[in-house]
Amino acid sequence: MSRVLQDLVTAQAQRRPEATAVVSGTDRLSYSDLDVAANRLARTLRAAGCRPGDRVCFLAPKSLAPLVWMLGILKAGAMYVPLDPAGPAPRLRRIVAACEPCAILAAGRVEPLLAELMQGLPSLLPLIGWLDACPPCELRPAFDERDMLRADAAPLHCAARPHAAAHILFTSGSTGMPKGVIVTHANVMAFAEWALRHFGLDSTDRVSGHTPLHFDLSTYDVFGTYAAGAELHLVPPQLALLPHRLTDFIRVSRLTQWFSVPSVLNYMAKADVLAPGDFPELRRVMWCGEVLPTPVLIYWMQRVPHARFTNLYGPTEATIASSYYDVPACPASPAEAIPIGRACDGEELLVIDGEVCLAGAGLSPGYWRDPQKTAAAFVPHSRRPGERMYRTGDLARVRADGTVHLIGRADTQIKSRGYRIELGEIEAALGTLPGLRESAVVAIPSEGFEQWLICCAYVPMPGVAVAPPALRSALSRLVPAYMLPARWNELTALPRTSSGKVDRPRLKQEFESEQAECTRASLTS
Amino acid sequence: MHSSVVDELIAVFRDELHVEVPSPDTDLFDSGLLDSLQLVQLLLHLEQRPDLRIPLEEVDLYDLRSVHRLARVIAVRAALDRGGTPAVPRAEA
């Protein structure tokens, strides 16, 4: 089989050209519109000098435009690198510097962010493609929307290479430098085809597009939809603030599939915004990225008994998800643990010395231009010489009945609201701030919907007054908002172990007892 | 007027969320100051303050965009809770 991701759309455009592919607010694109616009972009990119194997970054708020771009970039034989439109600029600059794109495509309200990120980029600046009305002249776009509209709509000839990289997704890196995970066409295709068979997705499906495009899970929303010829409904990011608006969105869009990180399901349950028998057309609810608390699952299954509930598991390095567990019936007890289930077809899930290792069709070729990190995480397969497997760092227990249950992490990576966060990345950023002599970041379990609270202990330079709001604000210019600590403690010195290392367990204990104190105070007030 | 509510909200942002809000009219979304985690933290802190209750089921995104707008929602809710008619007009200034 030699299909590549863009073929999915071309096939639908030939079969059902007028069928809706993507909906965003009042805008919609048919499969034919999508295919033709992507053809024009592919030609525009080629005319601007982009060659197969080149990288093209894109920066835009969630809308129809970036969906066209992903496809157009693939049609030009290049790989796409989504940039978080929420910034911050220095982090995006490191990503752009690492992947050396031939172009950055942009639209919407990202002009100041783009201008800031372009400043201080090392030599060989990428071209700017401003694909929106009114190109800003300061950014000196090499091409714009008018060039794209003038381009020929016929497909560009480009050899299909299923094992070529389709995109690079950057995740948090423990040393402060985000890691770029390379994902191939075949990686995504394997999951999309499995999901199509397993869930029975078809052209009558209306699929949620909740996850931002710079996260791995969105790849399934997008290409799973195209594979089925279904409709993708982009969920406006700001609805995440209002649980009752999210449920309105599901009702009005008549979604048949909801896929998100667990914190979103948790948020809606905590706000109690579901009615019994709600969302009559919803066929399946899926989550991935972290553990969904069982009481929340029970809340959902009682109110939406007609839907199928599936726990998916797997890191970006093994593409979207590697294992699944279809919850057979509403759990009898809130204490019941939900397993991560078994491997999807073509994938392999192993527990070796308590650590989850993954192999099979979803396995990424490795980290972008980082052979050292690649060799450390993608190791020789324990049973099959010549093959590789990925060490996830997730710790698991295999029960007597063969089900696999996650029990924690081997390192200091946490998941907060589905975001993968290396505490080391936050510490590295804090280390660059003036005014601090030293600092340490730990995470403690939270009873809120985010599951972990990030806590920072810091020691100011002698004679320097440092306040948490100023620290938070300085840090927010270096790391994404979801990495900002919620708790800040000023100390005269960090606690040390006898070997001189920062005593993190003790710091955690201190933050935990403070947290318990707060909870008691709010219960008695 | 609800200026005291504005001051109290700014104090909650500063002392509990460690967020310095530059002005009551600062757009909390565009400036990245308020995301869903921060909003939930804010609501948790406000739950301990009956005088600053935000009726989440009645508000729209529009009402969360700035400290001024949040203060208006709180003032309207408080007036209704007291059984009166809101002294603060809902229309945007």
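## A tour of the predicted model

Start with helix α4 of chain A, residues 89–99: Ala89(A), Pro90(A), Arg91(A), Leu92(A), Ile95(A), Val96(A) and Cys99(A) are buried there. Buried means under 20% relative accessible area, exposed means over 50%, and partly exposed lies in between, with a 1.4 Å probe and protein chains only. Helices (H or I, at least four residues) and strands (E, at least two) are DSSP runs, numbered from the N terminus.

Before moving on, note that this is a predicted model, where local features need pLDDT of at least 70 and side-chain atom pairs count only at pLDDT 80 or more, while totals for chains, interfaces and linings use all residues. Residues are numbered from 1 along each chain as its sequence is written, chains are lettered from A and ligands numbered from 1 in the order in which they are written, and side-chain values use heavy atoms, with hydrogens and water left out.

Step just past the helix to Glu100(A), which takes a positive phi of about 40 degrees.

**Strand β9**

Select residues 179–184 of chain A, strand β9. Six of its six residues are buried, so β9(A) is largely enclosed by the rest of the structure. In a regular strand the side chains alternate between the two faces of the sheet. On one side of β9(A) sit Lys179(A), Val181(A) and Val183(A); on the other sit Gly180(A), Ile182(A) and Thr184(A); all are buried.

β8(A) and β9(A) pair in the antiparallel sense over six bridges; two strands pair if DSSP finds at least two bridges between them. Look for Phe170(A), whose bridge partner in β9(A) is Gly180(A). Two bridges also join β9(A) to strand β19 (residues 366–367) of chain A, running antiparallel. There, Ile182(A) has Gly366(A) as its bridge partner.

**Helix α7**

Go on to residues 185–199 of chain A, helix α7. How many of its 15 residues are buried? The count is 11, and α7(A) is mostly covered. Among them are His185(A), Asn187(A), Met189(A), Phe191(A), Trp194(A) and Phe199(A). The expected span of a helix is 1.5 Å times one less than its number of residues. For α7(A) that gives 21 Å, and the end C-alpha atoms are 21 Å apart, which agrees. Just after the helix, Gly200(A) takes a positive phi of about 65 degrees.

**Aromatic rings**

Rings of Phe, Tyr and Trp (its six-membered ring) pair if their centres lie within 6.5 Å; planes under 30 degrees apart count as stacked, over 60 as edge-to-face and the rest as tilted. By this rule there are 16 aromatic pairs over all chains.

Look at one of them. The ring centres of Tyr31(A) and Tyr226(A) are 6.1 Å apart and the planes stand at 80 degrees, so the pair is edge-to-face. Tyr31(A) is in helix α2 (residues 31–47) and Tyr226(A) in helix α8 (residues 217–228) of chain A, 195 residues apart. Tyr31(A) counts as buried at 0% relative accessibility, and Tyr226(A) does at 1%.

Next, select Tyr220(A) with Phe259(A). Their ring centres are 5.7 Å apart and their planes at 70 degrees, so this pair is edge-to-face. Tyr220(A) belongs to α8 and Phe259(A) to strand β12 (residues 257–260) of chain A, 39 residues apart. Both residues are buried.

**A three-strand sheet**

Move to the open sheet β25-β26-β27 of chain A, with mixed pairing. Its edge strands are β25 (436–445) and β27 (487–490), each pairing on one side only. β25(A) pairs with β26 (residues 452–460) in the antiparallel sense over nine bridges. Ala443(A) stands opposite Ile454(A) in β26(A). Val442(A) has Cys455(A) as its bridge partner. Eight of the 10 residues of β25(A) are buried.

**Chain B**

Finish on chain B. It holds three helices and zero strands. Of its 93 residues, 53% are buried.
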